[in-house]
Amino acid sequence: MEETKSAIKPAARGEGIMPIHGTFNFQCGPGIGCYTRCCGDVTIVLTPYDILRLKNRLGIASEDFIDQYTLPLTKTDSGLPVFVLKMGEGLEKRCPFVSSDKGCSVYTERPWACRMYPLDTRDGDEGEEEYFVTADPEQCLGLLENNPMTVEEWEKGQGLDVYKDVEELFNQITSAQRIWGDHKLDGKVQNMVLLACYNSERFRKFIFESNFLKLFDLSPEEIEILKTDDLELLKLGFKWLQFGLLGKSTLPIREKVIKAKEKELGVTLPKDDGLWKNPEIKPAK
Ligand code: SF4
Ligand code: SF4
């Protein structure tokens with residue numbers, strides 16, 4: 001049966017829920033009877049940062065990675081583009097990166113969901129992050145090992161710290177999208193999301209070859225970093241989406257652009273105002 005390495009399969013409210021300082025038992029490695037069993041027939045939702053790391057690890061372009069290694073998750077009500085890792089064709093539907101003796105061939109760049117497994121996370125009633133064991137101990141034998149640790153220790157050991165800031169920026173977009181209720185994103189917004197979140201090559205070209213830098217006031221140092229740093233480029237993409245889709249002042253606008261707009265409208269623009277929201281971009285009804 002297909003398993004899920006993502007936040008798709010939450011426990012019932014209150015069941016096995018832990019805070020970050022909660023403790024659980026777990027140990028995994030080549031010596032364990034189920035080694036790599038969880039790397040097949042599984043739904044792994046890839047975040048933009050996952051795709052960035054994996055395509056760089058493989059040394060291929062974003063579009064090629066998406067073509068070769070992912071499937072679009074078509075049943076999202078919102079229309080927000082989502083990609084899952086494409087499993088193999090065989091009976092066991094193995095992950096393309098797994099081998100039974102050597103394990104994960106992209107281990108240092110493995111997706112967020114693989115790092116988090118056998119735990120998963122969700123927002124608690126007070127907005128705090130809650131954790132729970134998502135794997136079945138009869139399948140995931142590492143849960144039967146006597147090796148207690150806190151969730152915090154687990155996250156640190158799995159290199160999840162670096163994901164927090166990046167995922168937080170992305171979540172601000174996806175959770176805001178949920179606020180739009182029944183609206184489904186139209187093609188224009190979907191293309192903006194695809195560009196900023198899932199195509200670093202084209203997004204970089206867009207930054208440097210469109211009016212982007214004439215509109216937004218980035219420092220020479222920031223501009224220099226964006227030429228080569230894919231993570232900073234991705235963070236800029238998230239800010240650009242918040243600016244363009246949610247009307248947030250996440251990017252500084254050049255003074256002369258503000259002055260020209262004020263002159264055109266005959267008003268003084270407040271600093272933090274949805275007037276800067278792209279009027280052409282509206283969620284489809
Ligand atoms: S990416 Fe690595 S850890 Fe994740 S399922 Fe594939 S082989 Fe396993
Ligand atoms: S112990 Fe769990 S996480 Fe480790 S290989 Fe087995 S099923 Fe996968």
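1. By class, the residues around ligand 1 comprise eight nonpolar, no polar and one charged. Here Ala, Val, Leu, Ile, Met, Phe, Trp, Tyr, Cys and Pro count as nonpolar, Asp, Glu, Lys and Arg as charged, and the others, Gly among them, as polar. The shell is made up of Cys39, Cys95, Phe97, Val98, Cys104, Val106, Arg110, Pro111 and Cys114, a residue being near a molecule if its C-beta atom, placed from the backbone, lies within 6 Å of it.

2. The model is predicted: local features need pLDDT of at least 70 and side-chain atom pairs count only at pLDDT 80 or more, while totals for chains, interfaces and linings use all residues. Residues are numbered from 1 along each chain as its sequence is written, and chains are lettered from A and ligands numbered from 1 in the order in which they are written.

3. Three strands form an open sheet in the order S4-S6-S5, paired antiparallel. Strand S4 (45-46) and strand S5 (70-72) are at the edges with a single partner strand each, so one side of each lacks a neighbour in the sheet. Strands are DSSP runs (E, at least two residues), numbered from the N terminus, and two of them pair if DSSP finds at least two bridges between them.

4. Two antiparallel bridges link S4 to strand S6 (residues 83-85). Leu46 lies opposite Phe83 in S6.

5. Strand S9 (residues 119-123) runs antiparallel to S10, joined by five bridges, and Asp123 stands opposite Glu129 in S10. The two strands form a hairpin with five residues between them. In its turn, Gly127 has a positive phi of about 90°.

6. In strand S10 (residues 129-133), four of the five residues are buried (20 or more other C-beta atoms within 10 Å of their own, placed from the backbone).

Terms used: A residue is buried if 20 or more other C-beta atoms lie within 10 Å of its own, exposed if 12 or fewer, and partly exposed in between; C-beta atoms are placed from the backbone.
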